[in-house]
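Please look through the structure below.

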Amino acid sequence: MKRIEIKEVLALSGDGRAVSVCGWVRSRRGNKNVSFIALNDGSTIKNIQVVADLAKFSDEDLRQVTTGACLHVTGTLVESMGAGQTVEIQADSIEVYGTADPLTYPLQKKGHSLEYLREIAHLRPRTNTFGAVLRIRHNMAIAIHSYFHEHGYFYFHTPLITASDCEGAGQMFQVTTKNLYNLKKDKDGQIDYSDDFFGKMAALTVSGQLEGELGAMALGKIYTFGPTFRAENSNTPRHLAEFWMIEPEVAFIQKEELMDLEEDFLKYCVRWALDNCKDDLQFLNDMFDKGLIERLRSVIDTDFVRLPYTEGIAILQEAVKKGRKFEFPCNWGDDLASEHERYLVEEHFGKPVIMTDYPKEIKAFYMKLNEDNQTVQGTDVLFPAIGEIIGGSVREENYDKLMAEIERRNIPMKDMWWYLDTRRYGSAPHAGFGLGFERLLLFVTGMQNIRDVIPFPRTPKSAEF
RNA sequence: GCUUCCUUAGCUCAGUCGGUUAGAGCAUCUGACUGUUAAUCAGGGGGUCCUAGGUUCAAGUCCUAGAGGGAGCGCCA
């Protein structure tokens, strides 16, 4: 008999048909006449109830049916006599594929702390919570590809290994085949990379943006979606050393259209979750965050605030005048601290904010300079609880202005001639943004720690599994 | 990287002012129960109190250092 997934079984009527299912035992309970096995195969957060009549199965048969064991069950699908489910399987045979010794199996049918589950990340996908999070994670990835594909973007693959030293987005992990305990040095005592694999210093990418711009200057609209690596010693619930980033880059758009894209894209993803992950969201809503679904709905129903930095500073200073205390100062020219972002998003407006036109000194070299010569066309999306979920900008397309900024900042561009060529040959106005995939997942799942929305998190001092 | 908190049974946690044999719930094991819903009820077993020093008649408790983890901040997505 062909095995069917539990998600499919639960949609059938209990008309007495024969079924075959496989899955892992979540719990077993019962009395001396009947045993109830909650079985889950990952296809849905819901379990199928398998009923084992003890007239048909001996204690010996069921002794190995413990929490965590893997079973293959055949039986008859019937209307449930109990209250918790509509259908259940009256078992004819139970084959134990793999046992799980209850004395050593780390997962129990009772709840566990998320911190504990991080220590057993190889098994935590078997819990309700991580099953839900990981199914949502998949759906969000599909939503992202779907959005861009529907809107005529091309999925552009940027390299993970890069030899350019000035992407400027953070500390990089070096890539080498050299023996780090016996490095060849040149006459000045510097490391000699000439005999290394790439013949020069190489590292894992911190951003695909610069290469993404090359794609946009040919294909018009592209997006990247891949792993990104930052060697920053960041110990927070919002940072990973290895995370996934989405970076669309679009030719011929201005700031307003960029903000439209950011807002439309985020709403599309959230709507996708509400439409396609109902059971999983309901579980997370019930177990972790009673306001989750309501908050997701509110995001797709509201217009994001579009707030120039200068006005944001004015609002913050007004708040300070009225007695609001902040740890850090917020004068024009300062980078906003988390507390300032949170005040604006959570207290003052109560909805997502797209902050624009930042002082050029606090933003990257490639952002387009405004006519005031003071501000650049950054467009960051700030979300409640998460902070900066998107960092975007219109790019400076004028070669002379871009070079002037590069020189002013002493950025070493000798390996970046290819990037500058975009401005030398057929330069075009263009814009784009970077979205941290896991930060989107924090928002969509309501999880509090970014280590709980990726299967195997990498953080400082932690690369287990 | 800075600040701060935590580490006691398989899991979650209590443990008073430093004082006798370190406790609870759940899990596990045994038994009871004719359909349970994280079943319930009764009973049993289960401890390097994170590690190493120190103070003290006496340390789970106080001190120092280290390890691991959480949170806040910085950096950022």
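Cys-330 is buried, with a relative accessible area of 8%; buried means under 20% relative accessible area, computed with a 1.4 Å probe on protein chains only. Cys-22 is also buried, at 13%. The model is a predicted one, in which local features need pLDDT of at least 70 and side-chain atom pairs pLDDT 80 or more, while totals for chains, interfaces and linings use all residues. Residues are numbered from 1 along each chain as written, chains are lettered from A and ligands numbered from 1 in written order, and side-chain values use heavy atoms, without hydrogens or water.

A disulfide is a covalent bond between the sulfur atoms of two cysteines. The structure holds zero disulfides, counted as pairs of cysteine sulfur atoms within 2.5 Å. For Cys-22, the closest cysteine sulfur is in Cys-70, 6.5 Å away, which is too far for a bond.

Around RNA strand B there are 52 residues, each with a heavy atom within 4 Å of the strand. Arg-29, Asn-31, Gln-49, His-239 and Arg-439 come nearest.

Polar contacts are pairs of N or O atoms within 3.5 Å. An N or O atom in the side chain of Arg-29 is 2.4 Å from a phosphate oxygen of RNA strand B. Glu-388 has a polar backbone atom 3.1 Å from a sugar or linking oxygen of RNA strand B.

Technical notes
A polar contact is a pair of N or O atoms within 3.5 Å; within protein, one must be able to donate a hydrogen and the other to accept it, and residues adjacent in sequence count only if both atoms are side-chain atoms. Buried means under 20% relative accessible area, exposed over 50%, partly exposed in between (1.4 Å probe, protein chains only).
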